[in-house]
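Subject: Structure handover

Hello,

Here is the structure I promised. Please open it and keep it beside you while you read my notes below.

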Amino acid sequence: MSFLTETLRQKVRQRAGNRCEYCLSHQDYIMGRLQIDHIQPLAKGGVNTEDNLCLACELCN
């Protein structure tokens, strides 16, 4: 599991407008909480930077 600062998590959520960045579902309309997702997985060389993170619902993640 990777460590993401609360500041970084807030930046990703704010950028996404509290919507899944894949299907655009808003947090208010999905079951559960939107998750921070790595676009390029850490196991494949991805990093914990804002440009490699997105907000995703459980179905899209």
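Start with Cys23. Cys23 sits in the loop between helix 1 and strand 1, and strand 1 runs over 35-38. Keep in mind that this is a predicted model. Cys23 is partly exposed, with a relative accessible area of 38%. Now look for its partners from farther along the chain. Leaving aside neighbours within four places in sequence, Cys23 is in contact with Cys57 and Cys60. Next, find Leu59. Cys23 and Leu59 are 36 residues apart in sequence. In space they are 9.3 Å apart, C-alpha to C-alpha.

Asn18 is found in the loop between helix 1 and strand 1. Asn18 is not a glycine, yet it has a positive phi of about 60°. Leu24 is not a glycine either, and it has a positive phi of about 70°. Are they buried or exposed? Asn18 is partly exposed, at a relative accessible area of 27%. Leu24 counts as exposed, because its relative accessibility is 54% and the cut-off for exposed is over 50%.

Now helix 1. Which residues of helix 1 are buried? They are Leu8, Val12, Arg13 and Ala16. These four lie on the same side of helix 1, because they cover an arc of only 135° around the axis. An α-helix has 3.6 residues a turn, so residues three or four places apart point the same way. The face turned away from the buried side of helix 1 carries the exposed residues Glu6 and Gln14. What covers the buried residues of helix 1? The cover includes strand 1 and strand 2.

On to the strands. Strand 1 and strand 2 pair in the antiparallel sense, over four bridges. Ile36 stands opposite Leu55 in strand 2. Follow the side chains along strand 2. Leu53 and Leu55 point one way, while Cys54 and Ala56 point the other way. All of these are buried. In a regular strand the side chains alternate between the two faces of the sheet.

The loop between strand 1 and strand 2 holds Asn52. Asn52 is buried, because its relative accessible area is 9% and the cut-off for buried is under 20%. What does Asn52 touch? Not counting residues up to four places away in sequence, Asn52 touches Asp37, His38, Ile39, Gln40, Gly46 and Val47.

Last, the core. How many residues make up the largest nonpolar core? There are 12 in all: Leu4, Leu8, Val12, Ala16, Cys20, Ile30, Leu34, Ile36, Leu53, Leu55, Ala56 and Cys57. Helix 1 (6-16) and strand 2 (53-56) each supply at least two residues of this core. In soluble globular proteins, nonpolar side chains tend to be buried together. Pick out Cys20, one of the core residues. Setting aside neighbours within four places in sequence, Cys20 is in contact with Ser25, Leu34, Leu55, Ala56, Cys57 and Cys60.

Best wishes

Note on methods:
Residues are numbered from 1 along each chain as its sequence is written. This is a predicted model: local features need pLDDT of at least 70, side-chain atom pairs count only at pLDDT 80 or more; totals for chains, interfaces and linings use all residues. Side-chain values use heavy atoms; hydrogens and water are left out. A nonpolar core is a set of buried Ala, Val, Leu, Ile, Met, Phe, Trp, Tyr and Cys residues joined through side-chain atoms within 4.5 Å. Buried means under 20% relative accessible area, exposed over 50%, partly exposed in between (1.4 Å probe, protein chains only). Contact means heavy atoms within 4.5 Å. The arc is that of the directions from the helix axis to the C-beta atoms. Two strands pair if DSSP finds at least two bridges between them.
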